[in-house]
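Have the sequence and the 3D view ready, and let's take a walk through them together.

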Amino acid sequence: MTHILERLPDGAAADWTIPQDWSAYTAQDHAMWDRLFARQAAMLPGRVVPEFMDGLDILRMTKPGIPDFQELSGRLMQRTGWQVVAVPGLVPDRVFFDHLANRRFVAGRFIRTPDQLDYLEEPDVFHDVFGHVPLLAHPVFADYMQAYGEGGLRAERMGAIDRLARLYWYTVEFGLIRQGDELRLYGAGIVSSHGESIFALDDPSPNRIGFDLRRLMRTQYRIDDYQQSYFVIDGFEDLLRQTVGTDLAPLYHELEGTSDLMVDTVLPEDRVYTLGTQAYARARALAASS
Ligand code: HBI
Ligand code: FE
């Protein structure tokens, strides 16, 4: 289980940031980044939104080694006014939202070890920086992330953080996007995972369902395995307009009386791109028994 820090760790600033201490990385640390980077950079073209590959280029993330956050922030600041700051782990929601609302992306500074190549419990610098930062060079996505932070601060006052966290999960972390007649990846949890970058687009088992905010906010999520349902947006502008660009208070209120949906539930009104084999088998069994 991932664990949110409860107390400000020694040595951290009041805003929970710590120095990245870039010069402390070893040759092995940099080699691990390069290995992960090479594997994803070879696989992602044609799968990820082109805006992600553009971001890698614009931010010069194609350079070998773990990026220096100061250098990265300089480029990002010029482009969209964002910065990348180091934190000692998962910070409390309020702290996380406050950084986003001020266009600061918080990143872990440690990198996984070879025995954690494909699975780790806490986000490391590869997930946080390779996964999240390239799209922060995209003006609309950059605005979405800031608006999410502002929405988080409002949701906290309304006791609706759990609903808003689902939005983050199914967009920023595990989102798919439709471009023309193709589905592409953009979620950081997918693009930083070799296995899920293939699974999310090619595997027959998960559902791929058109984005619907009300529906999504009723849907549970799992943190211990690949997703059983992905939500597909029609574009970043559309996502921003439909979600944190509007007042969500009426929606939170309306959802109070509704029940949660399981991770693999498919509703008759869902706009289904691909019905997962699990849901398909269940629908067949149901049809056969009636
Ligand atoms: N802290 N460092 C860090 N990174 C996260 O992604 C993060 C966090 N704290 C809270 C949090 N995410 C989520 O609980 C919110 O999206 C709701
Ligand atoms: Fe993440």
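Predicted model: local features only at pLDDT ≥ 70, side-chain atom pairs only at ≥ 80, totals over all residues.

Residues are numbered from 1 along each chain as its sequence is written, chains are lettered from A and ligands numbered from 1 in the order in which they are written, and side-chain values use heavy atoms, with hydrogens and water left out.

Let's begin at helix H2, residues 50-58. Helices (H or I, at least four residues) and strands (E, at least two) are DSSP runs, numbered from the N terminus. Which residues of H2 are buried? They are Phe52, Gly55 and Leu56. Buried means under 20% relative accessible area, exposed means over 50%, and partly exposed is in between (1.4 Å probe, protein chains only). These three cover an arc of only 100° around the axis, so they sit on the same side of H2; the arc is that of the directions from the helix axis to the C-beta atoms. They pack against helices H1 (27-43), H5 (125-132) and H8 (188-191), where contact means heavy atoms within 4.5 Å.

Now for the rings. Phe52 shows up again here, in one aromatic cluster with Trp33, Phe37, Phe126 and Phe130. The structure holds 18 aromatic pairs. Rings of Phe, Tyr and Trp (its six-membered ring) pair if their centres lie within 6.5 Å; planes under 30 degrees apart count as stacked, over 60 as edge-to-face and the rest as tilted. Take Trp33 and Phe126: they're edge-to-face, 5.3 Å centre to centre with 75° between the planes. Trp33 lies in H1 and Phe126 in H5, so this pair ties together parts that are 93 residues apart in sequence. Both Trp33 and Phe126 are buried.

On to charge. Side chains of opposite charge can pair when their charged atoms come close. There are 14 salt bridges in the structure, each being a side-chain nitrogen of Lys or Arg within 4 Å of a carboxyl oxygen of Asp or Glu. Arg215 and Asp270 make one of them (2.8 Å, N to O). This pair links distant parts of the chain, 55 residues apart: Arg215 is in helix H10 (213-216), and Asp270 is in the loop between helix H12 (249-255) and strand S7 (272-274). Arg215 and Asp270 are both buried.

Glu71 and Lys63 also form a salt bridge, with their closest N and O atoms 2.6 Å apart. Glu71 counts as partly exposed because its relative accessibility is 34%, and Lys63 counts as partly exposed at 44%. Together with Arg75, they're linked in a network of salt bridges.
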